[in-house]
Amino acid sequence: MARWLVTGSGGMLGLDLQVTLALAGVDEDDVTALTRTDLDVTDADAVRDAVRGHDVVVNCAAYTAVDDAETHEGQAFAVNAIGAANVADACRSVGTRLVHLSTDYVFSGDADEPYAEDAALSPLSAYGRSKAAGEWAVQARCPQAWIVRTAWLYGAGGPNFVKTMARLAERHDTLDVVDDQRGQPTWTMDVARAVLRLVDGSAPFGVWHATSQGDTTKFGLTREIFRQLGLDPDRVRPTTSDAFRLPAPRPAYSVLGHDAWRMARLAPLPHWEASLAEALPDVVAEPPSS
């Protein structure tokens, strides 16, 4: 049985990956889950010690504060690029396979068709630049690596757009939501299952896109959230990104292509509407009181 290490295990994806491994029959003694507090990926010595003895590392550790990164680019680069390089170096030194999580923000978002896995990187934001640098570091330093890009993540284990819209629906009669940002809403549980398929299926190392089938805008997603919650979707009104000025630019078009899954004859992620229907009850549930 393979021994797994999950870095950044306290985030939405890290938590769902632990659940997925348990459901797949991986013994809890064969899974080491390290949160940001447990492991600082910018500490190369600590990373080497953590990786030793594991067969698969899933690097979910990341600086994900997109807007804060605009004024703290050095901090974002330290985690997303130097940290990724440290994990890649440690994995290469002991022959451990690496799954490194990345993002749609490595692209500019000015395309008019889905980005292929080998499309040129052109990030607009500090966060995107730091994640692109992390990808380059992993590709250069660890030949046994899957780089898994995902986007528009939501899940039960942390703050996200779906949770926010469901909460705002309880407080406001109408919501104005941007209709000029298009992407693929993606459930973290689907990504976790996809990671397991890559590893168990001995998929070719390289770049993979773990996003849902189909695409929509933030406005379209919010209308579907309302519909699935039994609310009137006409309470959601379209607006543009200009109405919400944010420090970091968002890619207007974040649709990622899935050719790698088809070529490897592995099942891609489900359609976003189907996954939302399965995930929504847990995503919007109130956490139990302590």
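Which residues of α6 are buried? They are T188, M189, D190, V191, A192, A194, V195, L196, L198 and V199.

## Basis

This is a predicted model, in which local features need pLDDT of at least 70 and side-chain atom pairs count only at pLDDT 80 or more, while totals for chains, interfaces and linings use all residues. Numbering starts from 1 along each chain as its sequence is written, and side-chain values use heavy atoms, leaving out hydrogens and water.

## Helix α6

Helix α6 spans residues 188-200. Helices are DSSP runs (H or I, at least four residues) and strands likewise (E, at least two), numbered from the N terminus. From first C-alpha to last, α6 reaches 18 Å, close to the expected 18 Å (1.5 Å times one less than its number of residues).

Of its 13 residues, 10 are buried, so α6 is largely enclosed by the rest of the structure. Buried means under 20% relative accessible area (1.4 Å probe, protein chains only). Just after α6, S202 has a positive phi of about 50°.

## The sheet

An open sheet holds 6 strands, ordered β2-β1-β3-β4-β5-β10, with parallel pairing. Two strands pair if DSSP finds at least two bridges between them. β2 (31-34) and β10 (206-209) are the edges; each has a single partner strand, so one side of each lacks a neighbour in the sheet. The twist averages 15° from one strand to the next (axes are lines fitted to C-alpha atoms, for helices over the stretch in contact; angles run from 0 to 180 degrees between N-to-C directions).

## Around β4 and β5

β4 (residues 97-103) pairs with β5 (residues 145-150) over 6 bridges, in the parallel sense. L101 stands opposite V148 in β5. Helix α4 (residues 126-141) lies across β4, β5 and β10. α4 runs at about 160° to β4. Contact means heavy atoms within 4.5 Å.

Definitions and conventions
Buried < 20%, exposed > 50% of the residue type's maximum accessible area, 1.4 Å probe, protein only.
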